[in-house]
Amino acid sequence: MNLHDLNLFATVARLGSITKAAKALATVQSNVTARIRLLEDELGAQLLHRHHHGISLTRKGQEFLPYAQQMTALVQKARETVSNTHEVEGVLRLGSLQTTAAARLPELLRTYVNTWQRVDLAIETGTTRELVEAVLNHRLDGAFVCGPIDHHELDTVLAFEEELVLVTPLAYRSPAQYLSGGAIPKLFVFKIGCSYRSKIEQYLARHGVDLLNEMEFGTIEGIVGCVSAGLGITMLPRSVVERSARRHEVRLHELAQKDSRVETLFVTPRSVVRSSAMERFIEVIAARTGMAKKPKNSPLRRRVNH
């Protein structure tokens with residue numbers, strides 16, 4: 001089995017396009033197509049569905065992808081060891097909560113990118129549920145998600161500790177103004193699968209508040225803008241909304257510690273051999289939090305409800 005072909009396949013799977021993969025690998029599209037077909041012939045299985053929108057992995061392709069990624073990572077690490085060089089390169093496909101991407105990632109990425117300039121980073125955002133599934137399916141190499149996460153196929157590293165706050169229009173001087181009424185105008189949330197959505201729903205339910213209308217938004221700006229306009233409330237990390245509060249656009253209300261303290265974890269698949277690029281990234285996270293380099297294992301249940 002040709003290592004070059006494995007890298008071609010992994011790149012095509014990552015980019016979702018043979019044309020994009022050819023460009024990324026500085027080769028021609030026909031060469032990528034031919035090498036993938038040779039790999040499929042060798043394995044006796046179709047790895048890709050080819051259609052006018054690009055490509056997608058077959059079931060066999062999805063099963064084969066983590067092996068291709070691990071083999072290329074192992075060879076890269078072996079070369080680094082034998083050559084005794086400290087060059088770290090490659091691609092990291094990372095996922096992040098929108099709130100983490102907005103408030104926390106820029107500083108972390110600046111430290112990493114300035115040190116390891118030959119690593120290309122691809123970032124996508126989503127809910128905790130979406131990101132965990134993407135890591136388990138090897139579509140992402142790692143992701144920042146809301147804890148706790150207990151999963152026997154994942155390793156976790158504490159990345160950030162957040163304080164959740166209730167975010168209301170300026171007119172609400174205390175939570176009692178809407179809690180006492182038993183109802184609120186609207187609740188602005190991210191889509192189902194968002195940990196913060198679950199937390200505010202549970203918080204309001206404990207206080208006997210009926211949700212008249214939940215409105216889903218895809219961006220932090222949309223949620224904060226609607227709250228600022230006096231249309232309802234939300235719950236977000238303080239780090240995300242402090243600037244809006246300082247501009248007197250919204251009002252922040254502190255919560256009891258059991259409701260406010262949440263951890264943002266960086267999760268990676270336990271079964272995959274980490275590339276040097278990923279190892280350095282985890283070291284940057286660990287250095288920031290003052291934790292040991294070794295990720296914390298999280299055995300237990302398969303299902304993720306966050």
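**View 1. Helix α4 contributes eight residues to the lining of the largest pocket, the largest share.** This is a predicted model, in which local features need pLDDT of at least 70 and side-chain atom pairs count only at pLDDT 80 or more, while totals for chains, interfaces and linings use all residues. Residues are numbered from 1 along each chain as its sequence is written, and side-chain values use heavy atoms, without hydrogens and water. Helices (H or I, at least four residues) and strands (E, at least two) are DSSP runs, numbered from the N terminus. A pocket is an open set of points on a 1 Å grid over the protein atoms alone, with protein on both sides within 12 Å along at least five of seven lines; lining residues have an atom within 4 Å of a point. The volume here is about 950 Å³, counted as the space filled by probe spheres set on points joined across faces, edges and corners. Of the 37 lining residues, N7, T72, E89, G90 and V91 are the closest to the centre. At least two lining residues each come from α1, α4 (59–83), β3 (90–96), β4 (119–125), β13 (261–269) and α13 (276–289). By class, the lining has 17 nonpolar, eleven polar and nine charged residues (nonpolar: Ala, Val, Leu, Ile, Met, Phe, Trp, Tyr, Cys and Pro; charged: Asp, Glu, Lys and Arg; polar: the others, Gly among them).

**View 2. Helix α1 crosses helix α3.** The axes of α1 (residues 3–15) and α3 (residues 29–43) come within 9 Å and cross at roughly 110°, so the two helices are roughly perpendicular to each other (65 to 115 degrees). On the α1 side, D5, L6, L8, F9 and V12 meet V32, R35, I36 and L39 of α3, with contact meaning heavy atoms within 4.5 Å. Seven nonpolar and two charged residues make up this contact, with no polar ones.

**View 3. The largest cavity holds about 50 Å³ of space.** A cavity is a set of points where a 1.4 Å probe fits but cannot get out, and the model has two of 30 Å³ or more. Look for F188, V189, F190, C194, Y196, R197, I200, I223, T234, M235 and L236 around the largest one. Strand β8 (187–189), helix α9 (195–206) and strand β11 (234–237) each give two or more residues to this lining. Its classes are nine nonpolar, one polar and one charged.

View 4. Most residues other than glycine have a negative phi, and most peptide bonds are trans.

**View 5. Confidence is highest in strand β5 and lowest in strand β14.** Mean pLDDT, the predictor's confidence from 0 to 100, is 96 in β5 (residues 142–146) and 46 in β14 (residues 296–297). Over residues 292–306 the value stays below 50, and this stretch has 46 contacts in the model beyond near neighbours in sequence. Where pLDDT is low, the predicted coordinates should not be read in detail.

Note on methods. Axes are lines fitted to C-alpha atoms, for helices over the stretch in contact, and angles run from 0 to 180 degrees between N-to-C directions. Angles under 35 degrees count as roughly parallel, over 145 as roughly antiparallel, 65 to 115 as roughly perpendicular and the rest as oblique.
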